[in-house]
Amino acid sequence: MLNPVAAIGRAVLSACREVGALVLFALEALSHLLRPPFYARQFLRHLAEIAYFSLPVVALTAIFTGMVLALQSYTGFVRFNAEGAVANVVVLSITRELGPVIASLMVAGRIGASFAAEIGTMRVTDQIDALTTLSTNPMKYLVTPRLLAGVIALPFLVAVADILGVMGGWLIGTTKLGFNSAGYLKATLDFLEVIDVVSGLVKAAVFGFVITLMGCWCGYYSKGGAQGVGAATTMAVVSSSILILALDYVLTEMFFAQ
Amino acid sequence: MDTKAHVDGVPKIRLRGLSKAFGDKKVLDGVDLDIRAGHGMVILGGSGSGKSVTIKCILGLIQPDAGTIEIDGRDVLAMGRREREELNDRIGMLFQNGALFDSLPVWENVCFKLLAQKRITRGAARDKAAEVLAQVGLAASVGDLSPAELSGGMQKRVGLARAIAAQPDIIFFDEPTTGLDPIMGAVIDGLIVDVVKRLGATAVSITHDMASARRIGDDAAMIHRGKIVWTGAAAALGNTGNPLVDQFARGEREGPIQMELRR
């Protein structure tokens, strides 16, 4: 007869094993940051892949998010004659939450999947074993440069998303909702504090680490040919998206809890 | 039966009691094997017999559960990370599917080890790649292609060029002719014999292609159910007097291997 307590215990132990293995994987990758050789070309390639080639998708989502936010908040605030707070709400929402979270979710879909698929394919076609036989540590060559690139690229993307998101709100505010352009921008800048931007950028760095870590982890341990690589890709996107939302709450608590 | 090749002095590679299990499945069950320096050893065996796992244990890609692996008399399993990396500098490997790096052009694949260890500049690596590609019968212009643009035979040649670029003294070949037509298979075998002779290297190959085994091997060993059941001259394959080996070498349906499967 199935013992439900034993089944739960096995699941918990299995989850603990996975988390432990993931932490060890991350620590090993980070330990290579300080030990030569350094693969600068790999780092620059991934930095360009994340920061430059993700710009269009991040920019578009940020602009539309800012536009929608201005429109929705106006619709709500006008009922209480508080429409003057639209600029404040847009800038706070974008810099603290929506900029980092939406940009990171976009990058998770693009880069997390790409890393998992590339490393997973390398695993199932013996390319990772080939690295070892060519006297190259696969963790140092494949994982460490990606993690570093993710941690650096995401704050840059979020800074761009913050600016474009606010501009999206300004665009709708001035062209559709009847706000004065200078007044909208003044309200935005007056209300914005350094911590709002800094918290968003710190979140972005953490999310960048999570996205690249999950992409590398899922790809590195994928098995079973094309199906295994597909499963690893899905797992990388789903797990990093959930972690982004969960860590967003934790980081918000850290920065803004009263 | 004698399961060790007769070696004068210290063998290049010595395996003793090598065992490895994955879960309940015992893949290697006490493998004993000596491989002579400067000679070609071919390890034969059916699918799942443990050939690839044996090679992966020697290369350090899989940690065996028990046993010893010695290269030039030194215990490989007791080596530290740096020592192991130094040993890997002297080893080349041709993977079954080439295992070329998709993200790099052919010339960077060929000189990967030299570039990674900064033993060569990128400019010099292009010239070096052209030189090594010529040794495996490929034009220098192939160096600018990506691996995806190459045929199966060309990928094997590039894999061979990558394996020999750093002039190793031990080279492993995993099914070097699998997936190739007979003529291309013979060409690859000829290249393997040439480069191994030129480098004075020790070659260890795993294959179930008998024609290839006779062409590239001086010695041969057969692994069956995780144990070495025979070693001898590769030229004797098919007429060894060992029913397991002879059945396998002749590709006969009837014999002890099939009978065991039916049981």
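The angle is taken between axes, lines fitted to C-alpha atoms, for helices over the stretch in contact, with angles from 0 to 180 degrees between N-to-C directions; contact means heavy atoms within 4.5 Å.

Before moving on, note that this is a predicted model, in which local features need pLDDT of at least 70 and side-chain atom pairs count only at pLDDT 80 or more, while totals for chains, interfaces and linings use all residues. Residues are numbered from 1 along each chain as its sequence is written, chains are lettered from A and ligands numbered from 1 in the order in which they are written, and side-chain values use heavy atoms, with hydrogens and water left out.

**Stop 1: the sheet under the helix**

Two strands count as paired if DSSP finds at least two bridges between them. As background, strands of a sheet pair through backbone hydrogen bonds, either parallel or antiparallel.

Select β1(B), residues 13-22, together with β2(B), residues 25-35. The two are antiparallel and share 8 bridges. Their hairpin has 2 residues between the strands, and B:Gly23 there takes a positive phi near 65 degrees.

Next, click on B:Arg14. Which residue is its bridge partner in β2(B)? That partner is B:Asp34. In β4(B), B:Arg14 has B:Glu70 as its bridge partner. One step along, B:Leu15 is bridged to B:Ile69 of β4(B). Altogether 5 bridges join β1(B) to β4(B), residues 66-71, and these strands run antiparallel.

Follow β4(B) to its other partner, β5(B), at residues 74-75: this antiparallel pair has 2 bridges. B:Ile71 stands opposite B:Arg74 in β5(B). β4(B) and β5(B) make a hairpin with 2 residues between them, and B:Asp72 in the turn has a positive phi of about 50 degrees.

**Stop 2: the mixed sheet of chain B**

Stay in chain B and bring up another open sheet, with 6 strands in the order β6-β7-β8-β3-β9-β10 and mixed pairing. Its edge strands are β6 (91-94) and β10 (227-233), each of which pairs on one side only. From one strand to the next, the twist averages 15 degrees.

**Stop 3: chain A**

Switch to chain A, which has 9 helices and 0 strands. Its C-alpha trace spans about 65 × 55 × 35 Å along the principal axes.

Select A:Arg146 and A:Glu118 and display their side chains: they meet in a salt bridge at 3.2 Å, N to O. A:Arg146 lies in α6(A), residues 138-175, and A:Glu118 in α4(A), so the pair ties together parts that are 28 residues apart in sequence.

**Stop 4: where the chains meet**

Finally, show both chains. The contact takes 19 residues from chain A and 24 residues from chain B. About 1,800 Å² is buried between them, with carbon and sulfur atoms giving 56%; buried area is the accessible area (1.4 Å probe) that two parts lose on being put together, summed over both. Highlight A:Thr133, A:Leu134 and A:Ser135, which supply 33% of the area that chain A buries against chain B, more than any other three residues.

How many salt bridges are counted between chain A and chain B? The count is 1. Select A:Asp129 and B:Lys56 to see their side chains meet in a salt bridge, at 3.8 Å, N to O. On the side of chain A that touches chain B, α2 (40-52), α4 (86-124) and α5 (127-133) are the elements that give two or more residues. α5(A) gives the most, with 6 residues.

How values were computed: Helix = DSSP H or I, 4+ residues; strand = E, 2+ residues; numbered from the N terminus. Salt bridge = Lys/Arg side-chain N within 4 Å of Asp/Glu carboxyl O.
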